[in-house]
Amino acid sequence: QVQLVESGGGLVQTGGSLRLSCAASGRTIRNYAMGWFRQAPGKEREIVAAINWSGGNTYYADSVKGRFTISRDNAKNTVYLQKNSLKHEDTAVYYCATKYSPLGGKYYRIVVEYDYWGQGTQVTVSS
């Protein structure tokens, strides 16, 4: 079992920045791929960014490419999502998720591929 706890959400103005953290416990995430998703009211949960176990391969949704950066510190068992140039449409609950994936450079982009999820952290971008 892996427990994930997100933090760093809050209220920010358009154009501002936030850094989300996802702290894992229960197991080391060294062998786990990680992902950040978001869900706005009335919408489906969507991928924001994903990263493989080593941090060498990353994926970004087109809507956040160039503005968000996913990173990980396996020694701290933590994954981050740096969010810059925030827009009103970035308002959502942000979730981190993880999947056991010790080999190769694979990341995952689909909700059902992930094994464990955090409770989410609200991000509100005021326009």
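Me: Strands here are DSSP runs (E) of at least two residues, numbered from the N terminus. Where does Ser85 lie?

Reply: Ser85 lies in the loop between E8 and E9. Bear in mind that this is a predicted model.

Me: What is the phi of Ser85?

Reply: Start with the general idea. Most residues other than glycine have a negative phi. Ser85 has a positive phi, near 50°. Asn77 is another case: phi is about 55°, positive, and Asn77 is not a glycine.

Me: What does the side chain of Asn77 reach?

Reply: The Asn77 side chain reaches the backbone oxygen of Arg27, at 3.0 Å. Setting aside residues up to four places away in sequence, Asn77 also touches a run of others, among them Cys22, Ala23, Ser25 and Ile29.

Me: Next, the strands on either side of that loop. How many bridges join E7 to E8?

Reply: General idea: strands of a sheet pair through backbone hydrogen bonds, either parallel or antiparallel. Here six bridges join E7 to E8, and the two run antiparallel.

Me: Which order do the strands take in the open sheet of four?

Reply: The order is E1-E3-E8-E7, with antiparallel pairing. E1 and E7 are the edge strands, each pairing on one side only. On average, neighbouring strands in this sheet are turned by 15° against each other, direction ignored.

Me: Which residues does Gly8 contact, beyond its neighbours within four places in sequence?

Reply: Gly8 is in contact with Leu18, Arg19, Leu20 and Thr121. Leu81 is 73 residues from Gly8 along the chain, yet their C-alpha atoms are separated by 9.5 Å.

Me: Now the core. Which residues touch the most other members of the largest nonpolar core?

Reply: General idea: in soluble globular proteins, nonpolar side chains tend to be buried together. The largest nonpolar core has 27 residues, and Met34, Trp36, Val48, Ile70, Leu81 and Tyr94 touch the most other members. Several strands give two or more residues to this core, including E4 (32-39), E5 (46-51) and E9 (92-100). E3 gives the most, with four residues. A second, separate core holds eight residues, including Ala33, Ala97, Tyr108 and Tyr114.

Me: Zoom out. How many helices and strands does the chain have?

Reply: The chain has zero helices and 11 strands. In this chain, 44% of the 127 residues count as buried.

Me: What radius of gyration does the chain have?

Reply: The chain has 13 Å. A compact globule of 127 residues would be near 14 Å, so the value agrees. Along the principal axes, the C-alpha trace spans about 40 × 25 × 25 Å.

Me: What share of contacts is between residues 24 or more positions apart?

Reply: Such pairs make up 61% of the contacts with a separation of 6 or more.

Notes. Residues numbered from 1 in each chain as written. Predicted model: local features only at pLDDT ≥ 70, side-chain atom pairs only at ≥ 80, totals over all residues. Heavy atoms only, no water. Contact = heavy atoms within 4.5 Å. Core = buried A, V, L, I, M, F, W, Y, C linked by side-chain atoms within 4.5 Å. Buried < 20%, exposed > 50% of the residue type's maximum accessible area, 1.4 Å probe, protein only. Pairing = 2+ DSSP bridges. Axes fitted to C-alpha atoms, helices over the stretch in contact; angles between N-to-C directions. Polar contact = N/O pair within 3.5 Å; in protein donor to acceptor, adjacent residues only side chain to side chain. Rg over C-alpha atoms; globule rule 2.2 N^0.38 Å.
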